[in-house]
Amino acid sequence: MVSAPLIANFWKMFGDERATKFVLALHQRSRIQGRLQFWQESMLEEFYRNTETAPLDFKTVLSTFNICPVHQAELLEDTVSIEYGTRKALKPAEIDRANNTYPFASTVKYGPCWVEAKTTATVFYCPACRDALRNERA
Ligand SMILES: [Zn+2]
């Protein structure tokens, strides 16, 4: 569940760039690894200290920050197809653009270059990100 006052305080304390970086890493690397990075823990500790917030466990951090940092919209679950195979690596500028414009379009899940039996995966997406991506491709 998204806690709007907590999110607003977090943004106020760290600013758009750092707060966005925190949330993107949370839903990408941290979700896969099942834990926070050291720098994320440091940010949270500073936040707890300054706002007198009781520390949250990892699962609660995930659900509390279940938002798209670009659109401030709650992330929803969807089932998408998995695309296997070798892909052209994205250029840093393309990754930046996606992270700044539609970080949670999540229209497809990329699998490894070999093909596995599984054809679909659960992803988290932001409806506004999907709109932004659709508009760009239209
Ligand atoms: Zn979004």
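In β2, Lys-109 is the bridge partner of Ile-82. This is a predicted model, where local features need pLDDT of at least 70, side-chain atom pairs count only at pLDDT 80 or more, and totals for chains, interfaces and linings use all residues. Numbering starts from 1 along each chain as its sequence is written.

**The sheet**
- Ile-82 and Lys-109 bridge to β2, and β1 (residues 76-83) runs parallel to β2, with 2 bridges between them.
- The sheet is open, has 3 strands in the order β2-β1-β3, and mixes its pairing; two strands pair if DSSP finds at least two bridges between them.
- β2 (109-110) and β3 (120-125) sit at the edges, each pairing on one side only.

**Overall layout**
- The chain has 5 helices and 3 strands, which are DSSP runs numbered from the N terminus (helices H or I, at least four residues; strands E, at least two).
- Along the sequence the pattern reads α-α-α-β-α-β-β-α.
- Domain 1 covers 4-64 and domain 2 covers 76-137, with bounds from an automatic or database domain assignment.
- The centres of domain 1 and domain 2, taken over C-alpha atoms, are 23 Å apart.
- Along the principal axes, the C-alpha atoms of the chain fill a box of roughly 50 × 30 × 25 Å.

**The α1/α2 pair**
- Helix α1 (residues 4-33) and helix α2 (residues 38-51) have axes that come within 10 Å and cross at roughly 140 degrees; axes are lines fitted to C-alpha atoms, for helices over the stretch in contact, with angles from 0 to 180 degrees between N-to-C directions.
- That makes α1 and α2 oblique to each other (under 35 degrees is roughly parallel, over 145 roughly antiparallel, 65 to 115 roughly perpendicular, and the rest oblique).
- Residues of α1 including Phe-10, Phe-14 and Phe-22 meet residues of α2 including Met-43 and Phe-47; contact means C-beta atoms, placed from the backbone, within 7 Å.

Note on methods
Contact = placed C-beta atoms within 7 Å.
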